[in-house]
Amino acid sequence: MYKLDLPIDSREANAIAARQQREEQRKTQIFNARTRLIGVDTESLAKQIEEKNLSSQAERERASAYDNDMIKTAQICTLLDERQRNDTRKLNEQLKKPS
């Protein structure tokens, strides 16, 4: 009724073989007492934490520098806008004065 002897797709067969190979490597690492580590590698964890802290510190410094730059840009824009309004007001006053 059903065809069960269909050939397996080569990609699927490669994926299955790779999965089986990884499983075998994992088993050899787990069951080999010489290569198996008991406990936690605290030095690596401390190094990872330090790297993460340095990365977050750099990100905070970059964000702070960006914020300061945005504040200065906003101040300059406000100053230029005010100067333009003053110049426009002075020109309008000069035009309204009778000669």
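Visitor: Why does Glu 59 count as partly exposed?

Guide: Its relative accessibility is 42%. Buried means under 20% relative accessible area, exposed means over 50%, and partly exposed lies in between (1.4 Å probe, protein chains only). So 42% makes Glu 59 partly exposed. This is a predicted model, where local features need pLDDT of at least 70 and side-chain atom pairs count only at pLDDT 80 or more, while totals for chains, interfaces and linings use all residues. Residues are numbered from 1 along each chain as its sequence is written, and side-chain values use heavy atoms, leaving out hydrogens and water.

Visitor: What makes Arg 62 exposed?

Guide: Arg 62 reaches 52% relative accessibility. That is over the cut-off, so Arg 62 is exposed.

Visitor: Why is the contact of Arg 62 with Glu 59 called a salt bridge?

Guide: The term asks for a side-chain nitrogen of Lys or Arg within 4 Å of a carboxyl oxygen of Asp or Glu. Here the closest N and O atoms are 2.6 Å apart, so the pair qualifies.

Visitor: How do you know that Arg 62 and Glu 59 are about one helical turn apart?

Guide: They are 3 residues apart in helix H2, residues 42-96. Helices are DSSP runs (H or I, at least four residues), numbered from the N terminus; strands are runs of E, at least two.

Visitor: How many salt bridges does the rule give?

Guide: The count is 4. Among them is Arg 89 with Glu 93, at 3.3 Å.
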